[in-house]
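Please have the model open while reading.

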Amino acid sequence: MPTAPPPDFAAALAAGPLVLDGGMSNQLAAAGHDLSDELWSARLLADDPGAVVAAHRAYFEAGADVAITASYQASFAGFARRGVGRAGAARLLASSVELAREAARAEPGGRRRWVAASVGPYGAVLADGSEYRGRYGLGVAELVAFHRPRLEVLAAAGPDVLALETVPDADEARALLELVRGLGVPAWLSFSVDGDRTRAGQPLAEAFALAADVDEVLAVGVNCCTPQDADRAVAVAAAVTGKPVVVYPNSGERWDAENRGWRGEPTFRSFRVGGWLAEGARLVGGCCRVGPDGIAALAAEVAVRRSRPAGAGG
């Protein structure tokens, strides 16, 4: 009897919630890697690819269904500053997908695992915190020109989905959405937010609405924000777009710029996932400073809800 082909990512998403991984950078730092370079975690695509595989594997072993590649801060311009030519940069970008796929194959006969190619915002390449402000002084056409070559390379590398993530600005979302139309790979779009607005200050409902009629976008939501802001955003994203919601906030501490350190207690808690799922989330995970333990707890909560009969409360 022939074996049925594996489901595509859209079908898997329609079948039930999927668990995303946690922060790539904190997992690499916990393993002793120096991420002070402008390329951040993308440096290890060239210098220690085995470390990237190990980080992905740690999250898969914790219960994640989806690995987000180490390409968030990778770009042709960034690699050029390190003396890497265009062909070499393209190989490194593509390798981010290959390394995640290698980790995904680590469990023969196990559950299906997925790879999301990270497409970080233009501001991440500047390595000056601009991704948390937006409003770079560039128009949509200039942002399209910046993102096009790396999006094309990442799409050609064969990820299951593109993660258009930590987007601080509606103008940058417009550029990314223009590029994914007809690209042949599905995507999710997630904004970095502050309260009910993007980091650039636009109303979040208006920003979400940009993706409502883009067929290539399978999910819309938020990441790299506080868990409290994530709680509030999920219902808005679902109501505005009618699409599944993606949500993966940070651990929740407050950055003390004067003393260059994180302050306060983490507020990322696995019990939040119940509310997210009830409001329409289907891709749930963690971002900065959420490690394998946090993802394991979240995955356990998701597993409990998967096992409940349809319509069961709680």
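Strands here are DSSP runs of E with at least two residues, numbered from the N terminus. The model is a predicted one.

**A residue in a strand**

Serine 190 sits in strand β5, which spans residues 187-191. Is serine 190 buried or exposed? Its relative accessibility is 0%, so serine 190 counts as buried. Neighbours within four places in sequence are set aside for its contacts. Serine 190 then touches Leu164, Glu165, Thr166, Val167, Gly221, Val222, Asn223, Val246 and Tyr248.

**Nonpolar cores**

In soluble globular proteins, nonpolar side chains tend to be buried together. The largest nonpolar core in this model holds 84 residues. Those with the most contacts inside this core are Leu162, Leu164, Leu189, Phe191, Val222, Trp276 and Val284. Helix α6, residues 86-104, gives the most to the core: nine residues. Another core lies apart from the largest one and has 20 residues, including Ala12, Leu18, Ile68 and Trp188.

Which residues does valine 284 contact, leaving aside neighbours within four places in sequence? The partners of valine 284 are Leu18, Val19, Leu20, Val247, Val273, Trp276, Leu277, Leu298 and Val302.

**Helix pairs**

Two packed helices are described by the angle between their axes and the distance between the axes. Two pairs are tabulated here.

| Helix pair | Angle | Axis distance |
|---|---|---|
| α6 and α8 | about 50 degrees | 8 Å |
| α11 and α12 | roughly 15 degrees | within 8 Å |

Take α6 and α8 to begin with. Helix α8 covers residues 140-156. The angle of about 50 degrees between α6 and α8 makes α6 oblique to α8. The crossing is right-handed. On α6, the contact uses Arg86, Ala90, Leu93, Ala94, Ser96 and Val97. On α8, the contact uses Pro149, Arg150, Val153 and Leu154. By class, the residues of this α6 and α8 contact are seven nonpolar, one polar and two charged.

Now α11 and α12. Helix α11 runs over residues 227-241 and helix α12 over residues 272-279. What is the orientation of α11 and α12 to each other? Angles under 35 degrees count as roughly parallel, and α11 and α12 are therefore roughly parallel to each other. Their crossing is left-handed. From α11 come Pro227, Gln228, Ala230, Asp231, Val234, Ala235 and Ala238. These meet Arg272, Trp276 and Glu279 of α12. The residues of the α11 and α12 contact divide into six nonpolar, one polar and three charged.

Technical notes: Residues numbered from 1 in each chain as written. Predicted model: local features only at pLDDT ≥ 70, side-chain atom pairs only at ≥ 80, totals over all residues. Heavy atoms only, no water. Core = buried A, V, L, I, M, F, W, Y, C linked by side-chain atoms within 4.5 Å. Buried < 20%, exposed > 50% of the residue type's maximum accessible area, 1.4 Å probe, protein only. Helix = DSSP H or I, 4+ residues; strand = E, 2+ residues; numbered from the N terminus. Contact = heavy atoms within 4.5 Å. Axes fitted to C-alpha atoms, helices over the stretch in contact; angles between N-to-C directions. Parallel < 35°, antiparallel > 145°, perpendicular 65-115°, else oblique. Left-handed = near helix turned anticlockwise from the far one by under 90°. Nonpolar A, V, L, I, M, F, W, Y, C, P; charged D, E, K, R; others polar.
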